[in-house]
Amino acid sequence: MTQTIKVAMPKGRIYKKASELFREAGIPVRPDVDESRKLVIELPEIGMEFILAKPVDVPTYVEYGVADIGIVGKDVLLEESRDVYELLDLGIARCRMSVIALPDWMPGIYQRVATKYPNLASQYFREQGQQVEVIKLNGSIELAPLIGLADRIVDLVETGQTLRENGLMERETILDITSRLVANRVSYRMKNAEIQSVCDALSKVIPVKTGI
Ligand SMILES: Nc1ncnc2c1ncn2[C@@H]1O[C@H](COP(=O)(O)OP(=O)(O)OP(=O)(O)O)[C@@H](O)[C@H]1O
Ligand SMILES: O=P(O)(O)OC[C@H]1O[C@H](OP(=O)(O)OP(=O)(O)O)[C@H](O)[C@@H]1O
């Protein structure tokens, strides 16, 4: 007998691309989450259930096994350090994590860095031998150097539009990012055939890397 697979899907910007990928793989997830407030979507006809979560919480749901698999950006996966299996690079929501500053930024003795990713940023600057104070923010990170909260920021860059419109410069790239399919360790053993078949279906429709 096949068992139901619970999937933690990130709401927000990844949802559209991830749901498109599922539909291309023959799994009929609803294309748009904005029109409804329903957070659990059951698809008993194909033995799947979708949980719509805040992106940063996806690894938590998967680690605790309330979702068998989930979709999450590599940025969040590394920042959260949850105990999950990374199964597939889905090639969607491609961007990079970079160190960013105003054009006149100069290295100084006492430096502050603002970011949504305090763990990754602290590790990066430690490895670079740079002593910095990391300040955690939850969004609009590019504001921090503009209004004097921080000297530099660590944030995501996709098109570069946010940097251009705020007169900021990318100094170094830390990491290339895409969304990943992750699995709970126990589910991966107990529901292996079902998880593997989702994996196989998705891997056939992963977009080919173009550019950046
Ligand atoms: N500009 C971008 N281009 C491509 N991918 C991005 C971009 N910004 C974020 N991502 C990816 O999408 C994921 C979710 O983005 P983000 O954290 O901005 O969430 P959101 O969808 O806006 O929801 P929330 O703000 O509620 O967390 C990130 O973890 C990252 O992997
Ligand atoms: O290079 P771009 O194409 O301009 O994309 C980069 C921007 O996208 C993300 O912000 P998001 O839209 O998630 O807003 P927030 O982090 O400020 O909430 C990221 O934090 C950058 O600010």
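1. The buried residues of α1 (13–24) pack against β1 (5–10), β4 (69–73), β11 (179–183) and α8 (192–203). A residue counts as buried if 20 or more other C-beta atoms lie within 10 Å of its own, as exposed if 12 or fewer do, and as partly exposed in between, with C-beta atoms placed from the backbone. Helices (DSSP runs of H or I, at least four residues) and strands (runs of E, at least two) are numbered from the N terminus.

2. The buried residues of α1 are I14, Y15, A18, S19, L21 and F22. They lie on the same side of α1 because they cover an arc of only 155° around the axis, the arc being that of the directions from the helix axis to the C-beta atoms. An α-helix has 3.6 residues a turn, so residues three or four places apart point the same way. Just after α1, G26 has a positive phi of about 90°.

3. This is a predicted model, in which local features need pLDDT of at least 70 and side-chain atom pairs count only at pLDDT 80 or more, whereas totals for chains, interfaces and linings use all residues. Residues are numbered from 1 along each chain as its sequence is written, while chains are lettered from A and ligands numbered from 1 in the order in which they are written.

4. The protein has eight helices and eleven strands. Of its 212 residues, 35% count as buried. Its C-alpha atoms fill a box of roughly 65 × 35 × 30 Å along the principal axes.

5. An automatic or database assignment divides the protein into domain 1 (5–93 + 178–203) and domain 2 (95–176). The C-alpha centres of the two domains lie 29 Å apart. Four residues of domain 1 are in contact with six residues of domain 2, where contact requires C-beta atoms, placed from the backbone, within 7 Å. On the side of domain 1 that touches domain 2, two residues are nonpolar, none is polar and two are charged. Here Ala, Val, Leu, Ile, Met, Phe, Trp, Tyr, Cys and Pro count as nonpolar, Asp, Glu, Lys and Arg as charged, and the others, Gly among them, as polar.

6. Ligand 1 is surrounded by 15 residues, of which the closest are G12, G73, A93, C95 and E158; a residue is included if its C-beta atom, placed from the backbone, lies within 6 Å of the molecule. The elements giving two or more residues to this shell are α1 and α3 (74–80). By class, the shell around ligand 1 has nine nonpolar, two polar and four charged residues. Domain 1 and domain 2 each contribute at least three residues to the shell around ligand 1.

7. Around ligand 2 the residues include S140, E142, D155 and E158. The shell around ligand 2 comprises three nonpolar, six polar and three charged residues. β9 (152–157) and α6 (161–165) each supply at least two residues, and β9 gives the most, with three.

8. S81 has a positive phi of about 45° and sits in the loop between α3 and β5 (85–89); S81 is exposed, with 11 other C-beta atoms within 10 Å. For S140, phi is near 45°, again positive. S140 belongs to the loop between β8 (132–136) and α5 (143–146), and S140 is exposed, with 12 other C-beta atoms within 10 Å.

Notes: Contact = placed C-beta atoms within 7 Å.
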